[in-house]
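Me: I am new to this structure and would like to go through parts of it by question and answer. Please show it before we start.

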Amino acid sequence: MDRPLHGQSGDMGALYAAIATAQERLRPAIEDGQNPHFRSTYATLDSCWAAARAALAGSGVCVLQLPLTLPDGSWGIETRLGHSSGCELWRTWVLPASTGGRGNPLQSAGASLSLARRYALSAVLGITTGDDTDGEPPPSPAPSHNRRQAERRPEPPSAPQRSTVPSTS
């Protein structure tokens, strides 16, 4: 592949103006997916595309996402924004190498590709989904030691003292 991993061509003014107008109409993608592993929700690729289509309708801007193989054998996704005036902008996201694991390597690459498409589309158009936790649940609060400290705190002087010595009566 002789082309750079990112670039632009043509007079970008028309594309930038169309994207700015579209972003005024852009609404967050709906978190319609469930991740049972993290017990969280996320915006699926379909939801991100629905948000993009609604905002871009009539703008003269199209989005293309093309899977590609780089010379070193790695995979990537090229996301292109094109405008009816003929200008275009593109960025390539190189996917991390597979760490092995179980299953079909092509299915693993396909899953990575879908995730990269969602991230690239959201990034290039500014699609949000609300809280951005990247699929991770919010951190658990640190264990509170206040309750334990309160249990060990000496009783106020006005309270009767508990005897720790067994009564002999």
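This is a predicted model: local features need pLDDT of at least 70, side-chain atom pairs count only at pLDDT 80 or more; totals for chains, interfaces and linings use all residues.

Me: How many residues line the second largest pocket, and which lie nearest its centre?
Reply: The space in this pocket is about 290 Å³. Its lining counts 15 residues. Those nearest the centre are Leu95, Pro96, Ser108, Ala109 and Ser112.

Me: How many residues of that lining are nonpolar, polar and charged?
Reply: The lining of the second largest pocket can be sorted by residue class. Four of its residues are polar and none is charged. The nonpolar ones number 11.

Me: What span should helix 3 have, and how far apart are its end C-alpha atoms?
Reply: Helix 3 covers residues 105-125, which is 21 residues. At 1.5 Å a residue, the helix should therefore span 30 Å. This agrees with the distance between its end C-alpha atoms, 30 Å.

Me: Which elements do the buried residues of helix 3 pack against?
Reply: The buried residues of helix 3 include Ala109, Leu113 and Leu125. The buried set packs against helix 1, strand 3, helix 2, strand 4, strand 5 and strand 6.

Note on methods: Residues are numbered from 1 along each chain as its sequence is written. Side-chain values use heavy atoms; hydrogens and water are left out. Helices (H or I, at least four residues) and strands (E, at least two) are DSSP runs, numbered from the N terminus. The expected span of a helix is 1.5 Å times one less than its number of residues. Buried means under 20% relative accessible area, exposed over 50%, partly exposed in between (1.4 Å probe, protein chains only). Contact means heavy atoms within 4.5 Å. On a 1 Å grid over the protein atoms alone, a cavity is a set of points where a 1.4 Å probe fits but cannot get out, and a pocket is an open set with protein on both sides within 12 Å along at least five of seven lines; lining residues have an atom within 4 Å of a point. Grid points are joined across faces, edges and corners, and a volume is the space filled by probe spheres set on the points. Ala, Val, Leu, Ile, Met, Phe, Trp, Tyr, Cys and Pro count as nonpolar, Asp, Glu, Lys and Arg as charged, and the others, Gly among them, as polar.
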